[in-house]
Amino acid sequence: MSAAAHSGLAQLADVLEPGQPPTALAPMQDVTTLPFMRAVARRGAPDWFFTEYFRVHETSRLEAPILASITENDTGRPVFAQLIGESLPDLARTARELSRHPIAGVDLNLGCPAPKVYRKNVGGGLLRDPAKVDEILALLRAECPGRFTVKMRIGFDTTENFDRLLDSVNRHQVDLLSVHGRTVKEMYRAEVHYDWIGHAVRRVRCPVLANGNVTSAAKARKVLAETGAAGLMIGRSAIRNPWIFRQIREACAGRAVFQPTLSDARGYIDDLRLSTAAADIPDRVQGSRLKKFLNFIGQSVDAEGKFLYEMRRAEGCDALMRVCDEYLIKHGHAGEPFPEEPYPGLVARPNREEAIEIEPQACSLFSEPA
């Protein structure tokens, strides 16, 4: 990391352990809500949180549930507000509105790979238009007297525009860049191109967070060494293992790394169930929402994938809890370690019912190539 990046890191929001690589919970639509932030914080918070994206267009307003993850956030950690959109006047208006709230900074989404998003020329779709990105960065830099950050992928379908985009990041003095090391078209299926994250680290003057398949504390240290990144942004792996931020700090400091048990994972599931419950939501729908998280947690429950198989076929929360007890508590499972890495071959992919119930309009965690 360059001297300029080191200096920039010092200007960012407070970190939990100065001198350690900072970590951030990645913004994920319909996941990084205030209840989820609280559930993660109770198990070892990241240095920084990023909100779900605020949709920005001519008639947009700050969405109350997303705003609550800023204004009602009691985790003690700084929260960056993420925007997605392309309308310059509306991006400027939204940035000004957000400045009235206790945000750590404004973040621009240049990476969402959902086809229904990029076809509107927002999120990852903007990576096809470096000139437009340059306009947006210029505008938001002028509208954000505090911290202005960007989250992006390495390109839309190729990396041909990557250097031009990185030069815009430098020109407009972005304070922090998070790079997901895949193209938009590669979705989440391809291997992460950590060499391109390293390229960004060397080219930009601000600190860079490496993002993509940081699955454990051991993998985190490897990615930091390989890319030279200042820190890490973690999304889907934090759904599976909410202790990952604590474990990374412990590993990087040379301390003993906390080893959760299956009983700890069962407690996490209870936390998610209670924090996302609502009296006006039918049990079947509530169960489907919980499955969104269990699809990831289940990757570390049993090597054969029997938990995932039975969980996906359970109907309603009560049935789900019985499956969870069977695999995480009963038969002596409670004291077994919850693996740091997911078991090989287990994929967090929902069935059709879940995809319809819980992902009607979001930048889906489970997006398939278009």
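# Helix packing and buried residues in a predicted model

Colleague: At what angle do helix α13 and helix α14 pack, and how far apart are their axes?

Modeller: In this predicted model, helix α13 (residues 283-297) packs with helix α14 (residues 306-313) at an angle of about 170 degrees, and their axes are 10 Å apart. Angles over 145 degrees count as roughly antiparallel, and α13 and α14 are therefore roughly antiparallel to each other. The residues that make this contact are Lys291, Leu294 and Asn295 on α13, together with Phe307, Leu308, Met311 and Arg312 on α14. To return to what you asked, the angle is about 170 degrees and the axes are 10 Å apart.

Colleague: How many nonpolar, polar and charged residues does the contact of α13 with α14 have?

Modeller: The α13 side brings Lys291, Leu294 and Asn295, while the α14 side brings Phe307, Leu308, Met311 and Arg312. Sorted by class, these residues of the contact of α13 with α14 come to four nonpolar, one polar and two charged.

Colleague: Are α12 and α13 roughly parallel or roughly antiparallel to each other?

Modeller: The axes of helix α12 (residues 262-276) and α13 come within 10 Å and cross at roughly 150 degrees, and α12 passes α13 in a right-handed crossing. In this pairing Tyr268, Ile269, Leu272, Arg273 and Thr276 of α12 meet Gln286, Leu290, Phe293, Leu294 and Ile297 of α13, a contact whose residues divide into seven nonpolar, two polar and one charged. Since the cut-off for this class is an angle over 145 degrees, α12 and α13 are therefore roughly antiparallel.

Colleague: Which class of arrangement does the angle of roughly 60 degrees between α9 and α11 give?

Modeller: The axes of α9 and α11 come within 8 Å and cross at roughly 60 degrees. Angles under 35 degrees count as roughly parallel, and 65 to 115 degrees as roughly perpendicular, so the pairing of α9 with α11 is oblique.

Colleague: Which residues of α11 does α9 meet, and what is the handedness of the crossing?

Modeller: On the α9 side the residues are Ala217, Ala220, Arg221 and Leu224, and by class the contact of α9 with α11 has six nonpolar, one polar and one charged residues.

Colleague: Why is helix α11 described as largely enclosed by the rest of the structure?

Modeller: The buried residues of α11 are Ile244, Phe245, Gln247, Ile248, Arg249, Glu250 and Ala251. What covers these buried residues includes β1 (23-25), α2 (34-41), α9 (217-227), β8 (231-234) and α10 (236-240). Helix α11 (residues 244-252) is largely enclosed because the buried ones number seven of its nine residues.

Colleague: Is Pro46 buried or exposed, and which residues is Pro46 in contact with?

Modeller: Pro46 is found in the loop between α2 and β2 (48-55), and with a relative accessible area of 0%, Pro46 is buried. The C-alpha atoms of Pro46 and Leu232 are 9.7 Å apart in space, although 186 residues separate them in sequence. Leaving aside neighbours within four places in sequence, Pro46 is in contact with Leu16, Thr23, Ala24, Leu25, Val40, Arg77, Phe245 and Arg249.

Colleague: Which backbone oxygen does the side chain of Arg141 reach, and at what distance?

Modeller: Arg141 is found in helix α6 (residues 130-143), and its relative accessible area of 18% is under the 20% cut-off, so Arg141 counts as buried. Not counting residues up to four places away in sequence, Arg141 touches Gly146, Arg147, Phe148, His172, Gln173, Val174 and Asp175. The side chain of Arg141 reaches the backbone oxygen of Gln173, at 2.8 Å.

Colleague: The backbone oxygen of which residue lies 2.5 Å from a polar atom of the side chain of Ser69?

Modeller: Ser69 has its place in helix α3 (residues 64-71) and counts as buried at 1% relative accessibility. Beyond the neighbours within four places in sequence, Ser69 is in contact with Thr33, Leu34, Met37, Thr51 and Val79. The backbone oxygen at 2.5 Å from the polar side-chain atom of Ser69 belongs to Ile66.

Note on methods: Residues are numbered from 1 along each chain as its sequence is written. This is a predicted model: local features need pLDDT of at least 70, side-chain atom pairs count only at pLDDT 80 or more; totals for chains, interfaces and linings use all residues. Side-chain values use heavy atoms; hydrogens and water are left out. Helices (H or I, at least four residues) and strands (E, at least two) are DSSP runs, numbered from the N terminus. Buried means under 20% relative accessible area, exposed over 50%, partly exposed in between (1.4 Å probe, protein chains only). A polar contact is a pair of N or O atoms within 3.5 Å; within protein, one must be able to donate a hydrogen and the other to accept it, and residues adjacent in sequence count only if both atoms are side-chain atoms. Contact means heavy atoms within 4.5 Å. Axes are lines fitted to C-alpha atoms, for helices over the stretch in contact, and angles run from 0 to 180 degrees between N-to-C directions. Ala, Val, Leu, Ile, Met, Phe, Trp, Tyr, Cys and Pro count as nonpolar, Asp, Glu, Lys and Arg as charged, and the others, Gly among them, as polar. A crossing is left-handed if the near helix is turned anticlockwise from the far one by less than a right angle, and right-handed if clockwise.
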